[in-house]
Amino acid sequence: MKKRINVTCSSMPSYEEFIEELKPVWDSRWLSNRGEASRKFEAMLKQYLNTEHLYLFANGHVALEVALNALYLKGEVITTPYTHCSTTHAIVRNGLTPVFCDVKENDYTINPELIENLITEKTVAIVATHVYGFLCDVDAIERIAKKHNLLVIYDAAHAFGVKKSGISAANFGDAAMFSTHATKVFHTIEGGIICYKNKERFKAMSKLVNFGFTSQEDIDYVGTNARMNEFEAVMGICNLRHFEEEVAKRKAVGDRYYERLTGVKGIKLIEIPEDLEWNYAYFPVIFDGYKENRDEIKAKLEGENIYARKYFYPIVNKAACYEKVYGAVNVPVAAHAADCVLTLPMYADMTAEDADRICDVILR
């Protein structure tokens, strides 16, 4: 059987590099609770992401959930149905009401032209997702938010390292959440990062991650346990050193996909904006009017031991836990994307030959 190609494969430092960086943690036995590795990692991230304030979390979902919790909002949040269910779960688990806004046809990020019609006296925030590492129209969203006095939180799970006109994705909105799960372009095994601007506004966050303790004897917040551990921080330290070269390897695969699939009737690829430094986190392909539909292509690839992913599918408002309340929401562009998009394998250790093998199956 031909070599298996998964939809993703985690980038890793050398074993020797990881162990060398881990030695101080091992010797200290300080394995959690913001030890030396976490503090070092935070400092590296602040420099790399060009942000003054950030906090490390056990995973991206709790990062977003705790960030919203720290704001103590009540009311409606305008958000996207074309995202991982985690985004909506974080909103709902904070007692907020999601209001679904359709997405743009060119990149499937939230459509700012539709946001204002959804704003009511109950609207308190916009929670938007940078899809596949393509950034939302941050300028338009910022204008709307200022006009209506709304907070903006970005689910930037896919957007680590992405820049627009030289500005890091960490610096858009009031806060941005990056997932550093093992499947992401940059990972810490499990993990998440919140970057935020207003220290006073998010002052509760550093307490909420540790059960709400403000001292050994004082518990001032109803918190949770959401801290990144030191082993994960060490993985982050190592992977950050190699991040740019890993993205360059992914770009080589992405370039081959663009070369082979651009201009094929019935296949649409998202164009990379000129002002965007993309991270090649995912490679979405839209099968719309192609000789075979998305599900048929996925099955053909699996028959060749190649595993692509329907992502995002289903759209969140059609998930079983939300459909009864939100299933009838009219979001035709998002619904169409969910039926047509297939994310092809993308990781640094892929070769051009791997990409050709995938494209050969699609085009055959």
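Over the ring of which residue does the charged end of Lys-310 sit? The ring is that of Tyr-313, and the charged end of Lys-310 lies 4.4 Å from its centre. A charge is taken to sit over a ring if NZ of Lys or CZ of Arg is within 6 Å of the ring centre and within 35 degrees of the ring normal. Another such contact places the charged end of Arg-39 over the ring of Trp-30, at 5.5 Å from the ring centre.

The model is predicted, and local features need pLDDT of at least 70, side-chain atom pairs count only at pLDDT 80 or more, and totals for chains, interfaces and linings use all residues. Residues are numbered from 1 along each chain as its sequence is written, and side-chain values use heavy atoms, with hydrogens and water left out.

Aromatic rings also meet one another. Rings of Phe, Tyr and Trp (its six-membered ring) pair if their centres lie within 6.5 Å; planes under 30 degrees apart count as stacked, over 60 as edge-to-face and the rest as tilted. By this rule the structure has 24 aromatic pairs. One of them joins Tyr-48 and Phe-160, which are stacked with centres 5.8 Å apart and 10° between the planes. This pair links distant parts of the chain, 112 residues apart: Tyr-48 belongs to helix α2 (residues 36–49), and Phe-160 to the loop between β5 (151–155) and β6 (163–164). Helices (H or I, at least four residues) and strands (E, at least two) are DSSP runs, numbered from the N terminus.

The two partners differ in accessibility, where buried means under 20% relative accessible area, exposed over 50%, and partly exposed in between (1.4 Å probe, protein chains only). Tyr-48 is partly exposed at 23%, whereas Phe-160 is buried at 1%.

A further stacked pair consists of Tyr-132 and Phe-312, with ring centres 5.9 Å apart and planes at 10°. Here too distant parts of the chain are linked, 180 residues apart: Tyr-132 lies in the loop between β4 (123–129) and α6 (138–148), and Phe-312 in the loop between α10 (294–303) and α11 (320–326). Both Tyr-132 and Phe-312 are buried. Tyr-48 and Phe-160 also belong to one aromatic cluster with Phe-41, Phe-178, Phe-186 and Phe-243.

The cysteines remain to be considered. The structure holds zero disulfides, a disulfide being a pair of cysteine sulfur atoms within 2.5 Å. Cys-136 is buried, at 3% relative accessibility, and its closest cysteine sulfur, in Cys-101, is 10 Å away, too far for a bond. Cys-321 is exposed, at 55%; its sulfur is 6.8 Å from the closest cysteine sulfur, in Cys-85, again too far for a bond.
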